[in-house]
Amino acid sequence: MTDTFPTPDLPRVRLKPKANARGVRHGFPWVYASDLVTDRRTRALTAGIIAVLEDDKRSPLGLVAVNPDSKIICRMLERDISQPLDKTWFVRRLTKALRLRERLFPDPFYRLVHAEADGLPGIIIDRFGDICVVQPNAAWAEAHLETLTEALIETTGVATVLKNAGGRTRALEGLDDVSGVLRGSAPDAPIPVPMNGAIYMADLTGGQKTGLFFDQRSNHAFAARLASGARVLDVFSHVGGFALASLAGGATTALSVDGSAPALALAEQGAAAAGMSERFATRQGDAFDVLTALGSEGAEFDVVICDPPAFAPSKSALEPGLRAYERIAKLAAPLVADGGYLCLCSCSHAADLTRFHAASARGIGRGGRQAQLIHTGFAGPDHPQLSQLAESGYLKSLFFRL
């Protein structure tokens with residue numbers, strides 16, 4: 001199947017006179033519903049349809065994907081309006097993305113496509129060797145998933161393509177939550193993923209997101225540099241994230257804490273696969289409760305890492321989210337030995353670096369400790385940031401010496 005969209009046959013949508021057309025021309029990839037002329041014809045467009053975006057003087061700005069039911073009503077796809085958005089177009093975008101990752105990583109385990117930053121808005125693709133997991137988080141991506149899949153196989157040569165429909169933004173786009181197999185067959189066991197000298201077990205069909213978080217790879221590596229000869233606590237550990245990397249870096253012991261028993265079981269499998277089981281332990285439970293209990297027990301660690309889910313996934317959740325980050329820091333700081341290290345992470349794009357740092361510092365102070373900030377980490381280079389889109393730079397990892 002090949003989709004082609006000749007410009008003369010495409011609908012046209014237009015910015016309002018007061019909309020920021022200059023921002024769109026200079027690379028901002030979204031148009032909000034409040035900035036577009038939404039007459040009856042525009043509101044009747046099918047979600048995911050491709051259209052020509054014009055400024056208020058009817059000069060074309062590019063080809064956009066339109067979803068009249070979304071606050072992000074247009075997503076910029078292509079500046080050249082004469083360009084057919086067919087399989088060849090997808091192959092070109094995927095090839096550019098692949099070349100970057102192949103230069104960065106010796107093994108085919110990485111985020112292959114990071115949405116807008118790779119020129120494929122709303123599309124996430126993570127690669128696990130011969131398998132790719134696609135998250136089509138925008139209506140246009142869902143509509144052209146078949147063409148994307150064909151182009152992905154042609155570009156990478158993978159045998160299996162899985163669809164993960166667990167993305168939070170799919171509901172905002174009016175999409176379902178039904179995952180499935182697009183090509184090949186789903187793996188019947190977790191996939192071993194080598195990173196930073198450790199082995200992680202990724203459940204590609206039943207795990208969180210696409211099965212593994214590649215974004216923390218470089219921060220795992222920095223933590224491992226601090227972990228030689230250390231006792232390590234990894235809170236919100238998922239499948240062993242920081243703990244297994246720290247063990248590979250020479251930690252004497254590592255304790256993984258998570259609310260998910262299946263995730264901790266995968267962490268244990270990863271430790272076993274790397275021959276590190278004797279130095280590894282897990283503790284299941286609510287992170288706040290476990291941190292409180294460890295404090296009551298007088299537990300002490302040389303390195304403590306807290307990598308929670310997004311406490312502030314939207315602007316409306318910002319203030320309670322910042323309070324939650326502060327509380328985590330307050331509970332974690334007393335567990336760190338004098339001269340030890342505390343890493344606090346946030347994947348909330350609504351909580352910018354300044355606010356997250358301030359919340360973390362308040363929490364450390366409330367926990368009775370003083371801190372030196374020694375390193376600020378972000379998502380790895382397979383998660384590039386689009387300079388014009390602050391939301392693409394969501395991950396922050398603050399490393400403190402207490």
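Helix axes here are lines fitted to C-alpha atoms over the stretch in contact, and angles run from 0 to 180 degrees between N-to-C directions. The model is a predicted one, so local features need pLDDT of at least 70 and side-chain atom pairs count only at pLDDT 80 or more, while totals for chains, interfaces and linings use all residues. Residues are numbered from 1 along each chain as its sequence is written, and side-chain values use heavy atoms, with hydrogens and water left out.

Take a pair of helices to begin with. Helix α3 (residues 87-104) packs on helix α5 (residues 145-156) at about 45 degrees, and their axes lie 9 Å apart. Helices are DSSP runs of H or I with at least four residues, strands are runs of E with at least two, and both are numbered from the N terminus. The angle makes α3 oblique to α5, given that under 35 degrees counts as roughly parallel, over 145 as roughly antiparallel, 65 to 115 as roughly perpendicular and the rest as oblique. On the α3 side, the contact (heavy atoms within 4.5 Å) involves K87, F90, V91, L94, T95 and L98. Helix α5 brings T147, L148, E150, A151, L152, E154, T155 and T156. Sorted by class, that contact holds seven nonpolar, four polar and three charged residues. Here Ala, Val, Leu, Ile, Met, Phe, Trp, Tyr, Cys and Pro count as nonpolar, Asp, Glu, Lys and Arg as charged, and the others, Gly among them, as polar.

On a 1 Å grid over the protein atoms alone, a cavity is a set of points where a 1.4 Å probe fits but cannot get out; a pocket is an open set with protein on both sides within 12 Å along at least five of seven lines, and lining residues have an atom within 4 Å of a point. Points are joined across faces, edges and corners, and a volume is the space filled by probe spheres set on them.

The second largest pocket holds about 240 Å³. Its lining has 13 residues, and G27, M76, R79, E116 and G119 are the closest to its centre. Strand β5 (residues 72-78) gives the largest share of that lining, three residues.

Two cavities reach 30 Å³ or more. The largest cavity, about 40 Å³ in volume, has a lining that includes W140, R75 and E173, with six nonpolar, two polar and two charged residues in total. The second largest cavity also comes to about 40 Å³. Its lining consists of C306, P308, Y325, I328, L344, C345, F356 and S360, of which seven are nonpolar, one is polar and none is charged.
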